[in-house]
Amino acid sequence: MARDIVIWPNKVLNSPTKPVTDFGESLTKLLDEMFFAMKEAEGIGIAANQVGVSLRCSWVGREDGSFFEIINPQILEKSGSVTLEEGCLSVPESFEKTPRFHKVKVKYQDRAGEWHELEAEGRLAHVLQHEIDHLDGHVFVDYLSGLKRGLILEKMKKLQKLMKRRKDEKAGAKE
């Protein structure tokens, strides 16, 4: 079952996540729920805090359409600069050019707790940085001008109100 995706500016998105220390059944369940939420929303990555869980784990999409999880990731190296259009499942229907590094080297664990290192460039490097930013408590709108961020903020507040109203109506219909 998919979890609901949290909409920015929810506080959980702006708080650094806690390291994963339990690599058991609860982590597997969380990763599965995150994956379903990401696929349902047609995303190319998702971080645990985007489903309201403050743990340092995320899914990352490769260019070939496959996905892998990163747990307790750290960026070891970064080089080159690139500005690409970026969006976010927690900031739906908002896309803006965002500065990132062209190439990164990342160290992370898998769901079994095994450590891996990965060098990535281009789109994969972009997605890795986006998801690790989430885990560090940053959303791509943090890189935008105050004006652009303000316009997106108003749009997201309206969306949050609409979603709450729909949820309340659905709850009322069940009574």
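This briefing walks through the pockets, strand pairing and salt bridges of the structure above.

The model is predicted, so local features are taken where pLDDT is at least 70 and side-chain atom pairs count only at pLDDT 80 or more, while totals for chains, interfaces and linings use all residues. Residues are numbered from 1 along each chain as its sequence is written, and side-chain values use heavy atoms, with hydrogens and water left out. The largest pocket holds about 760 Å³ of space, and a search of the whole structure turns up ten salt bridges.

**Terms for the pockets and elements**

- Pockets come from a 1 Å grid over the protein atoms alone: a cavity is a set of points where a 1.4 Å probe fits but cannot get out, whereas a pocket is an open set with protein on both sides within 12 Å along at least five of seven lines. Lining residues have an atom within 4 Å of a point.
- Grid points are joined across faces, edges and corners, and a volume is the space filled by probe spheres set on the points.
- Helices (H or I, at least four residues) and strands (E, at least two) are DSSP runs, numbered from the N terminus.

**The largest pocket**

- About 760 Å³ of space lies in this pocket. Its lining has 21 residues, and those closest to the centre are Asp 4, Ile 5, Ile 7, Met 163 and Lys 167.
- Two or more lining residues each come from α1 (25-40), β4 (91-109) and α3 (146-174). Helix α3 gives the most, with nine residues.
- By class, the lining of the largest pocket has ten nonpolar, two polar and nine charged residues. Here Ala, Val, Leu, Ile, Met, Phe, Trp, Tyr, Cys and Pro count as nonpolar, Asp, Glu, Lys and Arg as charged, and the others, Gly among them, as polar.

**The second largest pocket**

- The second largest pocket has a volume of about 460 Å³. It is lined by 25 residues, and Ile 44, Gly 87, Cys 88, Leu 89 and Phe 95 lie nearest its centre.
- The elements that give two or more residues to this lining are β3 (67-88), β4 and α2 (122-135). The largest share, six residues, comes from α2.
- The lining of the second largest pocket divides into eleven nonpolar, eight polar and six charged residues.

**Strand pairing**

- Strand β2 (residues 57-61) runs antiparallel to β3, and five bridges join them; two strands count as paired if DSSP finds at least two bridges between them. Val 60 has Phe 68 in β3 as its bridge partner.
- The hairpin of β2 and β3 has five residues between the strands, and Gly 65 takes a positive phi near 95 degrees there.
- β3 and β4 pair in the antiparallel sense over 13 bridges, and a hairpin of two residues joins them. Ile 71 has Gln 109 in β4 as its bridge partner, and Ile 75 stands opposite Val 106 in β4.
- β4 and β5 also run antiparallel, joined by seven bridges. Val 104 has Ala 120 in β5 as its bridge partner.
- In the hairpin of β4 and β5, which has five residues between the strands, Gly 113 takes a positive phi near 95 degrees.

**Salt bridges**

- A salt bridge is a side-chain nitrogen of Lys or Arg within 4 Å of a carboxyl oxygen of Asp or Glu. For burial, buried means under 20% relative accessible area, exposed over 50%, and partly exposed in between (1.4 Å probe, protein chains only).
- Glu 33 and Lys 29 form a salt bridge (3.3 Å, N to O). Both lie in helix α1, four residues apart, about one turn of the helix. Glu 33 is buried, with a relative accessible area of 13%, whereas Lys 29 is exposed at 52%.
- Glu 69 and Arg 111 form a salt bridge (3.1 Å, N to O). Glu 69 lies in strand β3 and Arg 111 in the loop between β4 and β5 (115-121), so the pair ties together parts that are 42 residues apart in sequence. Glu 69 is buried at 13% relative accessible area, and Arg 111 is partly exposed at 26%.
- Lys 148 and Glu 96 form a salt bridge (3.3 Å, N to O). Lys 148 sits in helix α3 and Glu 96 in strand β4, so this pair ties together parts that are 52 residues apart in sequence. Lys 148 is partly exposed, with a relative accessible area of 40%.
- Salt bridges that share partners join Arg 3, Lys 29 and Glu 33 into one network.
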